[in-house]
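Here is a short briefing on one protein model.

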Amino acid sequence: MKKALIIFLLIISMLLCGCNGGNIVDNESTDTQTATATDDSAEDNLYLDIERFKPDGYATSKFAFDDDETIINLVFPKEWKLTPDTKGTYSVERDGKAVGMLIRGVIDDVDQWKKIETKKEEYDGINAVYVIEKSGSGDSLKFRHRFFYTYTVDNVERSITLVTSCSEINDFTLSKLHLSAFLQHTSQDAGFGVLSHLKSKDSILILGNSFINTSDIGYILQEMLNVNGKNCIVEAISIGYATVETYINDPYIVEQILSGYYDVVFICGFYSSSEIDNLSVLKNYCDSSKTELVIFPAHNENTSVINSAKTRFPSLLCLNWKEEINQLIASRAATSNDFCRQDSYGHSTALAGYVGAHMIYRAIYGSVPQKSISYPIDQSYVNSKLGDYAQTGLAKVFDTSDVLYFN
């Protein structure tokens, strides 16, 4: 009878999951492997037998630190309810029961838990770490999920931690929490006039891969200039799979740049770290002919490479075409399907091309285009998808009333 009772208690302990809290510390080493004194490695995978909650759907929750203008968005099961306490910690509840907690910083009890599995991802300015970990052994055995997010605001690192009971996270919820976080900014700079010294110039070159062709950005910008009485010629060159390296090795284009034929070059093609050195070569060509060079990433380019280019060459303006589209997707009626073709590469559509052309126009002329275009995209279609974007140049429509703040 006593043996049966022990077996029963062991089964119950396997099904239950721990979710311990803790104080906040500044940093966490995500590589440290820890274990309790009573650890039994034979029990490491018992969490796989725990039944998981399947949500009916998901909803995005917004969080920020104090008065930050940067918001981190996390995708949670819609059944979760977050309740703040006086310390700025949020209790995660479902059906009236606590199933986890969300805090600023790092929980200081990590040395009491053994890491069973760790996954790390870096995307769009966020470092996301996921850990399944256990504590205790036998009757005291517990498992929990821990999600750790870091991002930077004005060169200051922000970090938050979510811990939940093991039974609360199925595979799809795990993917949502680990890979679907994204940042938004409540203030924005529409870039009016940042290239105003070029407004009397008359030659623009845009270099990129097939996204330049599919988006029709060259044709759209030329039409925008024409109907608004601007005497400027646009040349947009599209080469499949092109990178920055493609163009510094093109003798004709290099010769044209060195001759000063173009007043400004907008360069796409930031897919790997090697493009930073290639950008240096292109910059030298442009500098020698006093040609303006602008970093202009298309929608499928690598965010970390773009950021590295901006850091390496702070004197170069970056008109972040990719980010502008992402902001419009996040805050307007338009969806990714409106900006991206449904093919294997998600090629940019003419609506994306309109956005890029609009960015270039207002950067040079210091205002939005006053007159509508009709080719190769109609202004009425643009307005139906982007609202007042054509009139304001503001990508975001942001309501902070639903942002939850860490004090």
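Is Asp-388 buried, partly exposed or exposed? Asp-388 is partly exposed, at 39% relative accessibility. Buried means under 20% relative accessible area, exposed over 50%, and partly exposed in between, with a 1.4 Å probe and protein chains only.

The model is predicted: local features need pLDDT of at least 70, side-chain atom pairs count only at pLDDT 80 or more, and totals for chains, interfaces and linings use all residues. Residues are numbered from 1 along each chain as its sequence is written, and side-chain values use heavy atoms, with hydrogens and water left out.

**Sheet**
- Seven strands make an open antiparallel sheet, ordered E4-E5-E6-E11-E10-E9-E8. Strands (E, at least two residues) and helices (H or I, at least four) are DSSP runs, numbered from the N terminus. Two strands pair if DSSP finds at least two bridges between them.
- Strands E4 (81–84) and E8 (114–123) are the edges, each pairing on one side only.
- E10 (residues 142–153) and E11 (residues 156–165) pair over ten bridges. Arg-146 stands opposite Val-163 in E11.
- Helix H2 (residues 171–179) packs on the sheet and touches E8, E9 (126–135), E10 and E11. Contact means heavy atoms within 4.5 Å.

**Nonpolar cores**
- The largest nonpolar core has 45 residues. Such a core is a set of buried Ala, Val, Leu, Ile, Met, Phe, Trp, Tyr and Cys residues joined through side-chain atoms within 4.5 Å.
- Ile-204, Phe-266, Trp-321 and Phe-339 have the most contacts inside this core.
- Helix H11 (350–365) is among the elements that supply at least two residues. H11 gives the most, with twelve.
- A second, separate core of 34 residues includes Phe-63, Ile-132, Phe-147 and Cys-166.

**Salt bridges**
- The whole structure holds 17 salt bridges. Each is a side-chain nitrogen of Lys or Arg within 4 Å of a carboxyl oxygen of Asp or Glu.
- Arg-332 pairs with Asp-388, with closest N and O atoms 2.8 Å apart. Arg-332 lies in the loop between H9 and H10, and Asp-388 in the loop between H12 and H13, so the pair ties together parts 56 residues apart in sequence. Arg-332 is buried, at 14%.
- Lys-134 pairs with Asp-39 at 2.9 Å between the closest N and O atoms. Lys-134 is buried at 1%, and Asp-39 is partly exposed at 26%.
- A salt-bridge network links Asp-39, Asp-44, Lys-114 and Lys-134.
- Asp-402 pairs with Lys-62, with closest N and O atoms 3.3 Å apart.

Definitions and conventions
Axes are lines fitted to C-alpha atoms, for helices over the stretch in contact, and angles run from 0 to 180 degrees between N-to-C directions.
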